[in-house]
Amino acid sequence: MPAFDIIVVGSGGGLDETNLSGYLVKPCNKSWDDGIMALEAGSGHGALRHIMTRHPDIFGARPVDEDPSKKITPLTVYANVKCFLLTHAHLDHISSLVMAAGALGGSNKRIYGSTQTLKDLETIFSDRVWPRLATYDETNPAFRLFYHALHADGKYKTIFPDIAVRTMTVSHGKNDLGPYESSCFFLKHLPTKHEFLFFGDVEPDSVAVKPRNVTVWRAAAPKIPHDLSAVFIECSYPAGRPDEVLWGHLSPEHLVQEMIALATEVVLVRRSSKGGSKAGASSSRPRKKQKRAPLAPEALHGALAGLKVYIMHCKEDFSTEGPISHVIADQCRERLVPHKLGLELLTADQGMKIGALVCTS
């Protein structure tokens with residue numbers, strides 16, 4: 001059954017400031033006019049204007065004799081955004097929200113993110129870097145934007161009609177203050193129970209001071225592919241980049257290893273299920289650390305069949321003829337071939353409309 005519609009307003013991770021992380025999401029059984037959730041807010045109005053010029057019907061064909069006052073524009077689209085969902089507060093994920101905060105039309109809007117993400121955003125909306133345009137106090141009539149913290153507590157929270165989110169913490173490198181945390185989200189379409197998994201910036205477990213990705217894979221494994229058939233994950237740099245200059249990101253070599261880790265968890269949970277245990281219950285909590293023999297490579301063959309993996313946040317260096325994301329995607333595909341995991345690897349390209357992410361059942 002259909003679940004979500006997504007428009008990619010931006011999917012890059014720099015240096016191109018016209019293409020930064022920003023996605024518009026709605027339940028596919030609803031109209032765009034019924035309300036929109038903004039997932040990340042790097043690119044916004046300006047990028048959407050260029051997309052709508054190239055694809056004027058991206059939000060659906062409009063009647064030829066439609067009242068001009070009802071014309072869809074970037075302003076009306078973002079006025080119809082009901083909430084923002086942020087993985088972390090780096091500028092390439094929040095800049096359009098900051099720039100537009102004082103001019104957003106429509107109803108009041110919540111900004112959802114981890115406690116730390118919202119604290120970081122407060123340093124922007126501080127009356128120093130930018131005016132104080134957001135608050136936690138939803139009774140204050142002087143504000144239109146309201147912070148609302150999400151917690152990595154294993155629970156789903158409804159943040160939009162028919163959409164609930166489960167937040168998990170992931171590692172995004174370290175700085176002088178210590179490890180830097182980002183988030184990933186399981187976004188569930190409540191009527192169908194179908195989900196997709198969306199990562200903020202994330203580093204490989206093999207490099208992280210606090211490896212956390214395997215916990216995410218264990219939560220995802222029982223749902224693949226029937227309840228969860230799409231993963232959005234960054235792959236910022238092309239192949240060959242040394243680990244010490246990944247700066248909390250993935251490269252093709254590490255993306256492949258993370259997919260192998262996911263496939264391993266899928267195989268283990270399926271074996272556990274066949275053995276009579278409750279796979280969903282056992283995977284909802286971290287397993288005790290124990291040594292185990294690695295699975296034979298052939299045991300992973302086809303484990304991720306039915307799963308689409310969209311790579312994003314590729315950092316443009318302006319040195320390739322085509323988009324750097326396509327170069328990185330080809331490098332990922334080449335390295336995935338020998339493992340025969342069965343997944344389909346795609347790029348989340350700016351201006352793409354990803355229609356009706358669906359269950360495979």
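1. Two strands are taken to pair if DSSP finds at least two bridges between them. Strands (E, at least two residues) and helices (H or I, at least four residues) are DSSP runs, numbered from the N terminus. On these terms, seven strands form an open sheet of mixed pairing, in the order β8-β9-β10-β11-β12-β13-β14. Its edge strands, each pairing on one side only, are β8 (157-160) and β14 (344-347). From one strand to the next the twist averages 30 degrees; axes are lines fitted to C-alpha atoms (for helices, over the stretch in contact), and angles run from 0 to 180 degrees between N-to-C directions.

2. The model is predicted: local features need pLDDT of at least 70 and side-chain atom pairs count only at pLDDT 80 or more, whereas totals for chains, interfaces and linings use all residues. Residues are numbered from 1 along each chain as its sequence is written, and side-chain values use heavy atoms, with hydrogens and water left out.

3. Within the sheet, β10 (residues 178-189) and β11 (residues 194-199) are antiparallel partners, joined over six bridges. Lys188 has Glu195 of β11 as its bridge partner.

4. Strand β5 (residues 109-114) is mostly covered, with five of its six residues buried; buried means under 20% relative accessible area, exposed over 50%, and partly exposed in between, using a 1.4 Å probe and protein chains only. The chain crosses from β4 through α3 to β5, and this β-α-β crossover is right-handed, that is, with the strands pointing away from the viewer, the path from the first strand over the helix to the second runs clockwise. Strands β4 and β5 run parallel and are joined by three bridges, with Leu85 opposite Tyr112 in β5. Strand β5 also runs parallel to β7 (residues 145-150), through six bridges; here Arg110 has Phe146 of β7 as its bridge partner.

5. Beyond its neighbours within four places in sequence, Thr87 is in contact (heavy atoms within 4.5 Å) with residues including His93, Thr117, Ser182, Phe185 and Phe198.

6. Setting aside residues up to four places away in sequence, Ser183 touches Thr87, Ser114, Thr167, Met168, Val170, Phe199 and Gly200.

7. Trp217 lies in helix α5 (residues 213-220) and is buried, at 1% relative accessible area. Not counting residues up to four places away in sequence, Trp217 touches Leu197, Phe199, Ile233, Glu258, Met259, Ala261, Leu262 and Glu265. The C-alpha atoms of Trp217 and His172 are separated by 17 Å, the two residues being 45 residues apart along the chain.
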